[in-house]
Number of protein chains: 2
Amino acid sequence: MLKEWVKPQKPSNEELTERLQAARAALSAQQMAIKEKQLPVLVIMDGWGAAGKGSVLGRVIRSLDPRFFKTETLGKPTEDEVRRPFLYRYFRRIPEAGKYSFFDGSWMDDVTRLYLAGKIKESEFKRQLTSIKRFERQLSDNGYLVVKLFFHISQNEQRKRLMTLSEEKNTSWRVEKWDLWQNKHYEECLNVYDRYLDETNQFVAPWYFIDGKSKKWAELQVTELLVKNIDIALKNTAHSVPLLQNTFPLKSVPKLSEVPLDQMLDEETYDKKLHKLQDRLAALHNEIYRKKVPVIVGYEGWDAAGKGGNIKRLTAALDPRGFEVHPIASPEPHEKARHYLWRFWTRLPKDGHIAIFDRTWYGRVMVERLEGFCSENDWQRAYHEINEFEKELYDWGAVLVKFWVQIDKETQLARFTDRQNTPEKQWKITDEDWRNREKWDLYENAVDEMIAKTSTEFAPWQILSSNEKKFARVQALEAVIRAIEKRLDS
Amino acid sequence: MLKEWVKPQKPSNEELTERLQAARAALSAQQMAIKEKQLPVLVIMDGWGAAGKGSVLGRVIRSLDPRFFKTETLGKPTEDEVRRPFLYRYFRRIPEAGKYSFFDGSWMDDVTRLYLAGKIKESEFKRQLTSIKRFERQLSDNGYLVVKLFFHISQNEQRKRLMTLSEEKNTSWRVEKWDLWQNKHYEECLNVYDRYLDETNQFVAPWYFIDGKSKKWAELQVTELLVKNIDIALKNTAHSVPLLQNTFPLKSVPKLSEVPLDQMLDEETYDKKLHKLQDRLAALHNEIYRKKVPVIVGYEGWDAAGKGGNIKRLTAALDPRGFEVHPIASPEPHEKARHYLWRFWTRLPKDGHIAIFDRTWYGRVMVERLEGFCSENDWQRAYHEINEFEKELYDWGAVLVKFWVQIDKETQLARFTDRQNTPEKQWKITDEDWRNREKWDLYENAVDEMIAKTSTEFAPWQILSSNEKKFARVQALEAVIRAIEKRLDS
């Protein structure tokens, strides 16, 4: 599509100056509306080396107040980023509501560069294109304005600019080997870019080409595009979007009411089993560390179902240097201001490490749904968004185990009462727990729907029978061990 | 001091089990008090390789709820950390109020290892000891409980353990080359450790030695020590601490009332000067990037003094890939839960980059002081704490420029009124601005005191005369340029 692109006619100098003044003023004026409507704006600037991305970016932000924007330069991935899933380094940088982020270079640059250098194969490239499309769509669906710009210059123009830069001491460091390679293999790059641009040119996040011939002219194109797109987005905040059909293979999982809860376990058998399983898990922990396999265990379940004690039996087997438990409460302001999965993306373990989530990203389709903390469209969309999220984790090579810790209503009442009557346990019981209990049936329906819609082949739910806590602990250990063994054998 | 340490008598197995049970219960019971009193607890576990730090840590945390603690393993510094001041990687990991952080290895390990390996010289080692003592004292002064443990085993014992670990496939990766080196050079290490332990054995954060002979015994020693120290700290929260005498050379700086504000600058001269200075700054930006010099510019000043516009004139000269502006508002909950300098430590630029702070860490001695957001002891202590902070930045090699943007009371009134009457500017003026204006004299006194006490030779305040904004902008550019040139020449 880049190849067929017809460059717009550059206006006269006089017109250019005039339009630029108007566009800058408009961009500046939009800042307050963006803040008021809490619109997050993500602008990515890709394109040829020396096409002027950096200097145009420098000009565009002059119209903005530093309180309202951030610029992000994606250099080489850090060690920390290399040990996380592919989208991690982009996801963690998304803007918060009411602010801009400008990316100087984006995932496009990373992915196409690896592909051109032969460091990823066709199949991997394709998978990343899929991930990127999902990522951009999710951002847009969750209220982000994503503006994608590609700065275009000809091979000759690029060569001239690289030579000029190289000749000056203070600018020669800007010319990377990669830029020279790109110029030499311009046609080859053009083909790959064209394919990338074509395949990722989604309705929710389309591409815009910028003629990079002159700085001022490029600034005008960019500023006018931003103003136009922001105008539209400001009119559209809090709109509903289509719900995508599930495309991931699902496993059949029983309803909560069908799960047997009458299993018992005597103290002696429990102790023996527990220690044997913990020893096995400890050995596996060493092995996943060596083989750099990431493990993620998520816990959901009724209040007083025994999540905490269950988690403790897992962690007791683990080397504290290799795991982290993330208790998930209601989001903090800076978390609420971003895509709801952001606080989970940023808490993913490094490869070889274990992250245990005490409550998870499923809050979206349970408490947020039932308490009205998000719109109906938001939580209905979330099943698929979460499946996509977990698919990324799976493709990354993670072991992902999701537990629903199940008890019946009577058991909960008994435990609540016990907590209320035992001074050391009183902090564990709040008025909110009692209020949630009144909504038991609503929650049960929501959980059944959640489990049915998100038990994918790659990340099925496992229901722990926790009327007898000891039984559930053994179940959990067995499930985690099984999942790790399966991954290590594959 | 380690050499003279007399190991405690290990109790009988029976007594050990009994005391351990009691200590674990006590540690567990303290959790709620820690949460209620919002006590942050930092436990560092240092000692010989294979002395059992990790496994004892694993045992100790079994008595705790994952919601209340974090474990931190300090591996090799990441690229991101290497490009920040020496204390950065520790400071960013301090616990939040009401929680524990357990460090498996600490700054002690990093520093002594570099020294033993000959990678830092005596003078650098000494400087780091000073930094560490300040860091630990600041934590303690700000309400942190710092418990420092050193796990001790004999050379023979260490040799045996390393051999056992090496023989097993799943544990052999745990034995680093360093451990073997340490065992071979046990005496040499002992000497350096002994010196480190002695020099950093401060009243506010003393060392405790742990006999690492057996896991259970070590767990008992650690748990009992924690319980005892936490008990004391819980009784002591919100206490006042001595104010240290200033030891940094101070520069004399005028009082605000003595600063002339009548300078004018005509449009033409301004434009010419501005562009020349911006060009010069742009060139310097390239140079500091190449030479990896970090630059930090802090802005404080009256409301409507023109900070925003002043910052813009700086950033307009800069490549957006190499700077960041940090607007500082009131702290978010996760920031308020930590040492007040934490949110600045974590925002420090990488070397070669520029960070501009729109309002700074001086909030402590201005708004926090005058609005009663901290205790008197807190803000009085802060002058010295801030000087120490800036000394770290200076020692790191940073260019540090601090501006107070000065206007008189009439000018502020005129600008407030203008903002009130101009629709596009109304967002810039709030009721709080008017309320602050009523306290002008209180603020002026506080600012005079602040400037007098924190204008160190290495980080003096510069007062910008901003009744005429254009004049102040030129002043600011000149000052930043001067500071960078001075640093590059040195």
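In this predicted model, 39 residues of chain B are in contact with 39 residues of chain A. Several elements of chain B each supply at least two residues of the side that touches chain A. The helices among them are α1 (13–37), α2 (53–60), α3 (79–82), α11 (267–291), α12 (307–315) and α13 (333–336). The strands β2 (69–73) and β7 (323–327) of chain B also belong to this group. The residues on the side of chain B that touches chain A can be sorted by class, as the table shows.

| Class of residue | Side of chain B that touches chain A |
|---|---|
| Nonpolar | 14 residues |
| Polar | eleven residues |

How is chain B placed relative to chain A by rotation and shift? A rotation of 180 degrees, with 0.0 Å of shift along its axis, superposes chain B on chain A, and the RMSD is 0.0 Å. The two copies are therefore related as by a two-fold rotation axis. Within chain B, B:E79 has the C-alpha nearest the axis, at 3.6 Å from it. Both copies use the same surface, since 100% of the contact residues of chain B recur in chain A.

The report now turns to chain A itself. Chain A contains 20 helices and ten strands. Its C-alpha trace spans about 85 × 45 × 40 Å along the principal axes. Of the 490 residues of chain A, 39% count as buried.

Two packed helices are described by the angle between their axes and the distance between the axes. In chain A, the axes of helix α2 (residues 53–60) and helix α10 (residues 215–235) come within 9 Å and cross at roughly 60 degrees. This angle makes α2(A) oblique to α10(A). The crossing in which α2(A) passes α10(A) is right-handed.

Which residues meet where these two helices touch? From α2(A) come A:S55, A:V56, A:R59 and A:V60. Their partners in α10(A) are A:K215, A:A218, A:E219, A:V222 and A:T223. By class, the residues of this contact comprise four nonpolar, two polar and three charged.

Terms used:
Residues numbered from 1 in each chain as written. Chains lettered and ligands numbered in written order. Predicted model: local features only at pLDDT ≥ 70, side-chain atom pairs only at ≥ 80, totals over all residues. Contact = placed C-beta atoms within 7 Å. Helix = DSSP H or I, 4+ residues; strand = E, 2+ residues; numbered from the N terminus. Nonpolar A, V, L, I, M, F, W, Y, C, P; charged D, E, K, R; others polar. Axes fitted to C-alpha atoms, helices over the stretch in contact; angles between N-to-C directions. Parallel < 35°, antiparallel > 145°, perpendicular 65-115°, else oblique. Left-handed = near helix turned anticlockwise from the far one by under 90°. Buried ≥ 20, exposed ≤ 12 C-beta atoms within 10 Å, placed from the backbone. Least-squares fit on C-alpha atoms with pLDDT ≥ 70 in both.
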